[in-house]
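Hi,

Here is the structure I promised to pass on. Have a look at it first, then read my notes below.

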Amino acid sequence: MIKEYLIITIGFIIVALGLTLFIIPSNLAAGGVTGLALVISTNFPIFSIGFLLLSINAILFIIAFLTLGPAFGARSIYASLGLSGTIWLFQAIFPMSEPFTDDIFINLVFGMLVSSTGMAMVLYQNASTGGTDIVAKILNKYFQLEIGKSLLIVDFIVTILATITFGPRLGMYAILGVILNGFMIDNIIAGLETKINVNIVTTNTEKVREYIIGNLVRGATIYNAEGAYTNSPKKVIVAVMSKREFIQLKKYVAEIDPAAFVTANVVHSVLGEGFIR
């Protein structure tokens with residue numbers, strides 16, 4: 001649990017950096033509660049974006065508990081309020097009145113790249129930064145709208161408000177930001193979930209089995225097989241592991257049996273003990 005909360009903390013700090021360095025100073029309201037807070041703060045400068053994020057998310061979580069029940073757990077409350085507080089702190093300590101660079105497209109791309117990386121880390125730990133996720137769930141429950149469509153509707157409304165506030169140019173950049181954000185998060189999470197499926201044919205089956213179980217702390221399955229050319233009985237070891245573990249295993253197998261036959265392929269999702277919960 002400590003490790004998971006540490007990853008969530010690092011994740012929302014990275015999100016906050018991407019937003020405060022690139023997105024917010026450029027007035028890029030790329031959907032979500034952050035975009036809504038940016039629009040409100042621009043029209044009512046008395047409210048800081050960090051304060052608005054904290055207030056809006058707190059209100060949304062109260063509504064979520066009343067309408068959805070405990071649908072969002074402690075991790076999501078922590079991530080949501082942590083992100084809001086971190087942005088508030090960054091803006092208080094390092095206020096940025098101008099964008100990080102003069103090129104708005106570079107600000108958009110780097111801002112989305114950084115914040116999407118942090119967001120993917122949070123989502124990968126089964127947490128959420130709240131905001132539009134909550135609204136989407138409420139729309140899904142009471143209006144039977146799919147979650148994806150609900151999120152799109154909410155983000156589209158925010159980008160319309162951004163267009164009215166900042167003009168069509170920044171509004172179109174905001175729409176592009178929404179698209180980039182979704183694309184990057186999906187691909188980053190897919191990369192985090194990537195594992196290696198290994199098939200090993202070796203004369204030292206027992207040693208390899210012991211190495212996988214004892215050193216890599218992974219499970220394995222052993223199949224009885226027959227060589228097509230020699231008709232001799234063989235055993236095939238099948239195991240799933242991380243890329244780093246595969247490198248270690250490949251090196252070990254090469255040392256104990258240079259004639260071993262090893263094949264490996266990438267799998268994008270694994271369910272089971274030791275992997276995705």
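**Salt bridges and a helix pair**

Arg209 is partly exposed, with a relative accessible area of 28%. Keep in mind that this is a predicted model.

So what does Arg209 pair with? Its partner is Glu206: the two form a salt bridge, and their closest N and O atoms are 2.4 Å apart. Both residues sit in helix α9 (residues 205–214), three residues apart, which is about one turn of the helix. Glu206 is partly exposed too, at a relative accessible area of 42%.

Searching the whole structure turns up two salt bridges. The other one joins Glu245 and Arg218, at 3.0 Å from N to O. This pair ties together distant parts of the chain, 27 residues apart: Glu245 belongs to helix α10 (residues 243–256), and Arg218 to the loop between α9 and β2 (221–226). Are these two buried or exposed? Glu245 is buried, with a relative accessible area of 8%, and Arg218 counts as buried at 15%.

Now for the helices. α1 (residues 2–23) packs with α5 (residues 104–124) at an angle of about 165°, and their axes are 7 Å apart. An angle over 145 degrees counts as roughly antiparallel, so that is how α1 and α5 run relative to each other. Their crossing is left-handed. Among the residues making the contact are Ile7, Phe12 and Gly18 of α1, and Leu108, Gly111 and Met119 of α5. What kinds of residues make up this contact? There are 15 nonpolar, six polar and no charged ones.

Cheers

Definitions and conventions. Residues are numbered from 1 along each chain as its sequence is written. This is a predicted model: local features need pLDDT of at least 70, side-chain atom pairs count only at pLDDT 80 or more; totals for chains, interfaces and linings use all residues. Side-chain values use heavy atoms; hydrogens and water are left out. Axes are lines fitted to C-alpha atoms, for helices over the stretch in contact, and angles run from 0 to 180 degrees between N-to-C directions. Helices (H or I, at least four residues) and strands (E, at least two) are DSSP runs, numbered from the N terminus. Angles under 35 degrees count as roughly parallel, over 145 as roughly antiparallel, 65 to 115 as roughly perpendicular and the rest as oblique. A crossing is left-handed if the near helix is turned anticlockwise from the far one by less than a right angle, and right-handed if clockwise. Contact means heavy atoms within 4.5 Å. Ala, Val, Leu, Ile, Met, Phe, Trp, Tyr, Cys and Pro count as nonpolar, Asp, Glu, Lys and Arg as charged, and the others, Gly among them, as polar. A salt bridge is a side-chain nitrogen of Lys or Arg within 4 Å of a carboxyl oxygen of Asp or Glu. Buried means under 20% relative accessible area, exposed over 50%, partly exposed in between (1.4 Å probe, protein chains only).
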